[in-house]
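I opened the notebook with the model on screen. These are my entries, in the order I looked things up.

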Amino acid sequence: MRSYFRKVNIILPLEREMSPKFRQAMLIINPVSGTRDKAAIPELVAAELAHAGCSLDVRGTSAPDDAPAFAREAVAKGYDVVITAGGDGTVSDVASVLRGSATALSIIPCGSGNGFARALGIPPDFSDAVRLLSVGRLMDCDNGLINGRPFFCTCGVGFDAEVSRKFASERRRGRLSYIKNALLDYLQYQPRPYAMSIGGRVITETAFLIAICNASQYGNNAYIAPKASLTDGLLDITVVHTGSLIMTALAGMELFTGRIDRNTLIDTFRVSSAVITRLEEGAAHIDGEPVELGRRLEIGVQPANLRVLASADQAVFKPIISPLRSMIADVASDIRFALGKK
């Protein structure tokens, strides 16, 4: 297969890091995201912040516009941090408001995929995630733009966007529901034609999907761009080309080993801007949420534009090993939660 793009390795710049010192915090909880009960979260957060003398304002969402409205209030009042307990959609809504401000974002992962939280090394257990308010590190990370709309984890068109569209309509969400939709769509999905303008060259290809990545994974340990960095001022674009059912299925399996960028069906390239034109209608998503976008997709990046709280001891990504460790942590967290140990 022809390869138009050179796979590259780059040296990442040092990221700006600080220790968290919060005086005023807002906790925004989405009660319907994910599958876990969040009743214990306010008490966990309040206990963690109390010893530092940090005041806490707790807000629960009941409408789609609530989370960004609460975040705007926090920025206007000069809050040091907004703690978001929800899935990637809620996190993206809050982060969109916080970008460019001095108010930091902290995440308690409560969604189905938790891609952005995973990229920051935030553990799946509520109590462990809350503990980062005292022992985590503050860093300034990038956000991507697609047609002027911000994204923080991934956005894209094609097969993954179609799965996101159908998954959003499911009454019960979770890993099994997502896998079910992915398998059903895989058997009937038809690749779409695209024209990509990158670095002055326009290339027309029929692709299974095109993913534009600020972070390395969709969520659920599905690494669509294993070498992507939140702090390099660039976006990783992964093009999955058409192939036989078996070859495409193998590429899908390699999502979960962190080796998909080595697959022969994959082209990966790193950009600060690009234009992707969809030659046929199709689904699109931003941070896992289905959206309506035009056929012309203008891609850009805003470097170091969002202050976030991350794990202080996040390990360097290693194919196979890192995904396996993360999966084991997920299983342990699920068991712990089932036993009532939040």
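Entry 1: In which helix does Ile246 lie? I found Ile246 in helix α8, residues 245-254. I noted at once that this is a predicted model.

**Entry 2: the whole chain.** I counted nine helices and 16 strands. The chain has 342 residues, and 54% of them count as buried. Its accessible surface comes to about 15500 Å². Carbon and sulfur atoms hold 55% of that surface. I also looked at contacts with a separation of 6 or more. Residues 24 or more positions apart account for 74% of these.

**Entry 3: the cores.** Which residues have the most contacts inside the largest nonpolar core? I got Leu105, Ile108 and Phe116, in a core of 51 residues. A second, separate core has 41 residues, including Val163, Leu235, Phe269 and Ile276. I went back to Leu105 and listed its contacts beyond four places in sequence. Among them are Val81, Val82, Val91, Leu98, Phe116 and Leu306.

**Entry 4: strand β5.** I took β5, residues 104-109, as the next stop. Six of its six residues are buried, so the strand is largely enclosed by the rest of the structure. I sorted the side chains by direction. Ala104, Ser106 and Ile108 point one way. Leu105, Ile107 and Pro109 point the other way. Which strand pairs with β5, and in what sense? I found β4, residues 81-86, in the parallel sense over six bridges. Ile83 has Ser106 of β5 as its bridge partner.

**Entry 5: helix α2.** I listed the buried residues of α2, residues 66-76: Asp66, Ala67, Pro68, Phe70, Ala71 and Ala74. They pack against β2 (24-29), β3 (55-60), β4 and α3 (88-98). Just after α2, I noted Gly78 with a positive phi of about 75°.

**Entry 6: positive phi away from glycine.** Most residues other than glycine have a negative phi, so I looked for exceptions. Asn147 has a positive phi of about 50°. Asn147 sits in the loop between β6 (137-146) and β7 (149-151). Its relative accessible area is 32%, so I logged Asn147 as partly exposed. Ile320 has a positive phi of about 70°. I placed Ile320 in the loop between β16 (296-310) and α9 (321-338). Ile320 is partly exposed too, at 47% relative accessibility.

**Entry 7: Gly144.** I ended in strand β6, at Gly144. Is Gly144 buried or exposed? Gly144 has a relative accessible area of 0%, so I wrote it down as buried. I checked which residues touch Gly144 beyond four places in sequence. They are Arg149, Pro150, Phe151, Asn214, Leu235, Gly300 and Val301. Leu235 also belongs to the second core. Last, I took a C-alpha distance. Gly144 and Leu234 are 90 residues apart along the chain, and their C-alpha atoms are separated by 8.5 Å.

Terms used:
Residues numbered from 1 in each chain as written. Predicted model: local features only at pLDDT ≥ 70, side-chain atom pairs only at ≥ 80, totals over all residues. Heavy atoms only, no water. Helix = DSSP H or I, 4+ residues; strand = E, 2+ residues; numbered from the N terminus. Buried < 20%, exposed > 50% of the residue type's maximum accessible area, 1.4 Å probe, protein only. Core = buried A, V, L, I, M, F, W, Y, C linked by side-chain atoms within 4.5 Å. Contact = heavy atoms within 4.5 Å. Pairing = 2+ DSSP bridges. Areas by Shrake-Rupley, 256 points an atom, 1.4 Å probe, with all protein chains shown as cover.
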